[in-house]
Amino acid sequence: MRHAPRCHTHLEEMAKLYCETCADLPVCMACTYGKHKGHSLYEVKALAQLKREELTQKLKTLGEINKDKNVIGLKQAKKTLIWNVSIEKEKLIKMHHEKDQKLMTKIQDTEGRRKLVVQEKQNTEKKIFDSLQTEMEHEIQGVKKKYEDIFRVKKLELNDSFKARESSLEKELAELREQRERFERDKNELLESIEKQLIENMKIIETISQHFDNIKKRFETLNVMSSSILASDNDWSAVECIPDMCTAATNLMKDLKKDFPELTALTDVTVNYNRYLFSKTSVMRYVYGMTSIGDGNIVISGTTSDYRASFIIVIDINGRMLKEKILNARKFWPDRYCKFLSQHKVASACEPNEIGLYDVRDGSYIKKNISDVISSWPKDRYVRCVATDPANNHIWVGGDGSRNVYVFDDQLNYLHILKLPKMIKWPRDITVLDGHLLVCDYDGKKCFVTTMDGLESKLVGEFMKPNLEGNTFGPRSVYSDKNGFIYVLWKSSSQCYIVQYNHNGSQVLTTRKLDVDAYVVTVVETSQGEKLLVATYETQTVYLYDIMTED
């Protein structure tokens, strides 16, 4: 406990009062007639009472703020996060289980049908054999060889007739098993993503928790010290200590009022379920073209399952089928390609030498045979790619075995031929970007940037080839996003990668490994911004990816 101090001026005198005007200096009675005459003077008891009341009020306010502050919300946030993670895991596992059960049902059904085909073949073979055997027994010995020969021919014909069906079912089984493996890989990647989010969010929540723990300890310490001062009747101690405690209480109130708006967001778990967008329909056999259109829908083209026609289908961003058009062909196994031209029009080219326009609004299609309007078009040349220049309403068509690119307007009127530079063998895919052509020379294993003005194209640059194992990779498909970044699909017989380049192809930015069956790449505008679309050739699957960024 403190004793009354001496007067700060007359040290031999004991202080009787505090001078508020002079920052609560202790003074004696003599000072009231001298230096401190006319100042605001308080008896120590009155001043102590004022300071006690001030501290009491601040502690009351502090207690209310501390009581109202939702520290409990922090614990609830942890519980909510763990609960949400659990729910998402269960949802993912349930979804995977349901899809897996469907695939298993299909596999079992297909295996059953395959066994029935084998059994049918065996039964038919036995019937034929028994029939022929009976005839042979009733015929003279001299004609036995004749029936043996007939039996061998029948057996070969039977094997041939069932071979295609067995092969088709075995292929279908392989595709279903591959699809199931892809589902399993996607599930594991999503689970790993959820666990990573849990760890990262828990670290941030723990940091916030430590902040509140520190505030709690400071409040408890201040409460103990304040209670001791308030309970004491030592006025001198109250006057000297309470101002510091009030300052500490004010600082503590500021820290308690600090908000953490990110706390609610930390309880959410983001799961990207949209990687697998679309799988084949009954009419599809091979995919050769894919493009997005102005309304965010997607157009896919290729060969039908019977190899006798081509197809154009339209799906939305959720993979739902909107339109389907089957187009008769002039040749067996017609490859059909497509590229966006305008808001509702898609340019298409189909083997052997057809060029056309598809209207996504009503599904109408108009076409011309290139050989009918270009006399120099060789009979054995097939179209192999199509590109569009929407700014000029031009359509560009490339064929196999030739450096010539044929240019048409949006009414399918022939304009002129552009000859590509000599180092290019022939274009497997082309795209227009900023007044230049991006050319995939798959046979030459290189990708180029060329001019597109005049009749003779000039080389602008060659794409840097990515550092991939082996030299068998060739560029199969090329496209660019609205920011001018270029995406090239590099493909070999056993591997496939999508590579992102800078605006002129001189620098590799990012590389992503894809399904080995990947065949064509494009971009689509969604409500979350541009996304990357990749379609596979034989499994007819469309994948949706985020636009690639550097790690």
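This is a predicted model: local features need pLDDT of at least 70, side-chain atom pairs count only at pLDDT 80 or more; totals for chains, interfaces and linings use all residues.
Trainee: What is the strand order in the open sheet of four strands?
Mentor: The order is 17-18-19-20, with antiparallel pairing. Strands are DSSP runs of E, at least two residues, and helices are runs of H or I, at least four residues, both numbered from the N terminus. Two strands pair if DSSP finds at least two bridges between them.

Trainee: Which strands are at the edges?
Mentor: Strand 17 (429-433) and strand 20 (459-462). Each pairs on one side only. The twist averages 25 degrees from one strand to the next. For that, axes are lines fitted to C-alpha atoms, for helices over the stretch in contact, and angles run from 0 to 180 degrees between N-to-C directions.

Trainee: How many bridges join strand 17 to strand 18?
Mentor: Five, with strand 18 covering residues 436-441. Leu433 stands opposite His436, and Asp429 stands opposite Cys440.

Trainee: Why is strand 18 called largely enclosed?
Mentor: Because five of its six residues are buried. Buried means under 20% relative accessible area, exposed over 50%, partly exposed in between (1.4 Å probe, protein chains only).

Trainee: Switching topic. How many salt bridges does the structure hold?
Mentor: It holds 21. A salt bridge here is a side-chain nitrogen of Lys or Arg within 4 Å of a carboxyl oxygen of Asp or Glu. Asp335, Glu351, Arg384 and Asp400 are linked in a network of them.

Trainee: What does Glu88 form a salt bridge with?
Mentor: Lys91, with the closest N and O atoms 3.3 Å apart. Glu88 is buried at 14% relative accessibility. Lys91 is partly exposed at 42%.

Trainee: What does Arg177 pair with?
Mentor: Glu111, with the closest N and O atoms 2.9 Å apart. Arg177 lies in helix 3 (residues 144-231) and Glu111 in helix 2, so the pair ties together parts that are 66 residues apart in sequence. Arg177 is partly exposed at 37%, and Glu111 is partly exposed at 24%.

Trainee: Where do Arg285 and Glu538 sit?
Mentor: Their side chains meet in a salt bridge at 3.8 Å, N to O. Arg285 is in strand 5 (residues 284-292), and Glu538 is in the loop between strand 26 (529-536) and strand 27 (542-546). They are 253 residues apart. Arg285 is buried at 11%, whereas Glu538 is partly exposed at 23%.

Trainee: Last one. Is Thr32 buried or exposed?
Mentor: Buried, at 15% relative accessibility. Thr32 is in the loop between strand 2 (25-27) and strand 3 (41-43). Leaving aside neighbours within four places in sequence, Thr32 is in contact (heavy atoms within 4.5 Å) with Leu17, Lys37 and Leu41.

Notes:
Residues are numbered from 1 along each chain as its sequence is written. Side-chain values use heavy atoms; hydrogens and water are left out.
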